[in-house]
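Open the model in your viewer and keep the sequence panel beside it. The tour below goes from one selection to the next and says what is found at each.

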Amino acid sequence: MFGLLDAHNPLRSGLVFAFCLLVSNFWSSLMLHAEEFNYDESKVPPYTLPDLLKCDDGTGVDSAAVWHTKRRSEILRMFEENVFGKLPAGKIRLRTKIRSSVPDALDGQALRREVTVFFSDDDSGPQMDLLIYTPVNATKPVPAFLGYNFGGNHAVENDPRIHLTESWMQNRKELGIDNNQASEASRASEASRWAVSTIISRGYGLVTIYYGDVDPDVDDGFKNGIHSLFEKGDAPRAGDAGGSISAWAWGLSRALDVLESDNTIDAKKVAVFGHSRLGKTSLWAGATDPRFAMVIANESGCGGAALDKRVFGETVNRINTSFPHWFCINHRKYNNNEAAMPVDSHMLIALSAPRPVYVASAEEDTWADPYGEYLGLYHAGPAFRLFGKKVFESDKMPEVDSPLQADVGYHMRSGKHDVTDYDWEQYLKFADAHLR
Ligand code: GCU
């Protein structure tokens, strides 16, 4: 374009230059606009949610039986095809090895074990380390929370006896994580997010795993983690091949397989928990594995509990651009095109019905769209009602720090994107009501 400039005709050249500037400003303002995010409720576009209780053939769902035998599987398939993708169904033979067993962890409160789970016959192949806490004074198998941590098992508690995670980690200078390897400096760096002592004193177990054991959180062409078990060679990926969230959800199910033969934990009473990207994961794990007795999604946002069609805070385009490995390739069809999605978060949450589901938000976490998270849960209500469950009556969200609990639970905590003792207090109360 600038080739049109005529150095011999300053007036014409000036006019052409001004025109070019105008065009280029117009494009950059468009680009900028595409990267702007809406935080204004009055600018939420009008949207229509797909009907939870209408089958693909147009018939209505009027009973729990029709939900279970027909509608639920239609919705699950839509999420596999359009959002998370699926992993090959073949059974994997698991092997376990006890790495450590400490009978007096947490000042004598808990038995703490590290159990390595191998996903193949190769000791150097994909594997994950479960960190399992159970109360020492339990007289029978206990209900438990199962969830991934972001910082490695050694980041959960300040005890040098917990092995440093050896898996790939995002570099973080402030935590001494260099060359993608953890160091002593990151020990207990995530302790404030795990109310282990309170969980144990309330009679629950806690099982946690470093999520990067199962699939490193980096766009590596699906070569690492458990993907290497299923995807050989360089064939192009199918549009519905499972991304990292599917891989992480798969890992949670394998952890539950292991817990089923552990006599300290009641595997029929395991609540799957996750924060943020791992909250999206816990919802997908609850949807794909009905053995989870309860599902907790802490500040899960876009692709989690928040309604995507509100286009509030993080968008589908943004999440697929920043994290191209989380979802399946087909999900990209909905970049800047949320209105065309055949599903939304109310259907994701409904896939766990009638099991109790807890969704939590934080007031300052507008990126995750707190109201959209509440509405996702609210609009999942009809599926729970089919089973006679008590859900929320109003689409008006509760005040800050005023939890609402029925057969589903919700709170918006004051403060920022995080997991705090306050959040755990609510989850424990919810678990007392439903897992005891
Ligand atoms: C980013 C991402 C969110 C995600 C969050 C997290 O903010 O945009 O979708 O939930 O990371 O996992 O902490």
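**Stop 1: an aromatic cluster**

Select Phe145, Trp194, Tyr204, Phe273, Tyr358, Trp424, Tyr427 and Phe430, which together form one aromatic cluster. Rings of Phe, Tyr and Trp (its six-membered ring) pair if their centres lie within 6.5 Å; planes under 30 degrees apart count as stacked, over 60 as edge-to-face and the rest as tilted. Across the whole structure, a search finds 24 aromatic pairs. Keep Trp194 and Phe273 on screen: their ring centres are 5.6 Å apart and their planes stand at 75°, so this pair is edge-to-face. Helices (H or I, at least four residues) and strands (E, at least two) are DSSP runs, numbered from the N terminus.

Trp194 is buried, with a relative accessible area of 5%. Phe273 is buried as well, at 2%. Buried means under 20% relative accessible area, exposed over 50%, and partly exposed in between (1.4 Å probe, protein chains only).

Before going on, note that this is a predicted model, in which local features need pLDDT of at least 70 and side-chain atom pairs count only at pLDDT 80 or more, while totals for chains, interfaces and linings use all residues. Residues are numbered from 1 along each chain as its sequence is written, and side-chain values use heavy atoms, with hydrogens and water left out.

**Stop 2: the ligand**

Which residues are around the ligand? Select Ser276, Arg277, Lys280, Glu314, Ile319, Phe323, Trp326, Trp367 and His417. A residue is near a molecule if one of its heavy atoms lies within 4 Å of it. This shell divides into 4 nonpolar, 2 polar and 3 charged residues. In that count Ala, Val, Leu, Ile, Met, Phe, Trp, Tyr, Cys and Pro are nonpolar, Asp, Glu, Lys and Arg are charged, and the others, Gly among them, are polar.

Now draw distances from the ligand. From Ser276, a polar side-chain atom lies 2.7 Å from a ligand oxygen atom. For Lys280, an N or O atom of the side chain is 2.9 Å from an oxygen atom of the ligand. For Trp367, the corresponding distance from a side-chain N or O atom to a ligand oxygen is 3.0 Å. Of the 320 Å² of accessible area that the ligand has on its own, the protein covers 81%. Accessible areas come from the Shrake-Rupley method with a 1.4 Å probe; for residues, only the protein chains shown count as cover.

**Stop 3: charges over rings**

Select Arg237 and Phe222. Arg237 lies over the face of Phe222, 3.5 Å from the ring centre. Then select Arg254 and Trp250: the charged end of Arg254 sits over the ring of Trp250, 5.1 Å from its centre. A charge sits over a ring if NZ of Lys or CZ of Arg is within 6 Å of the ring centre and within 35 degrees of the ring normal.

**Stop 4**

Go to Asn320 in helix α9 (residues 316-322). Asn320 counts as buried, at 5% relative accessibility. Its side chain is joined to that of Asn335 by a polar contact of 2.9 Å. A polar contact is a pair of N or O atoms within 3.5 Å; within protein, one must be able to donate a hydrogen and the other to accept it, and residues adjacent in sequence count only if both atoms are side-chain atoms.

**Stop 5: backbone features in loops**

Select Ala353 and Pro354, which are joined by a cis peptide bond with omega of about 5°. Pro354 lies in the loop between α10 (345-350) and β8 (357-362).

Move to Glu299, in the loop between β7 (294-298) and α9. Glu299 is not a glycine, yet has a positive phi of about 50°. Is Glu299 buried or exposed? Glu299 is buried, with a relative accessible area of 1%.

Next comes Asp401, in the loop between α11 and β9. Phi of Asp401 is near 60°, again a positive value in a residue other than glycine. Asp401 counts as partly exposed, at 33% relative accessibility.

**Stop 6: distances along the chain**

Ser402 is found in the loop between α11 (370-385) and β9 (404-405). Ser402 and Met412 are 10 residues apart in sequence, and their C-alpha atoms are 7.3 Å apart in space.

Finish with Ser201 in helix α4, which is exposed at 54% relative accessible area.
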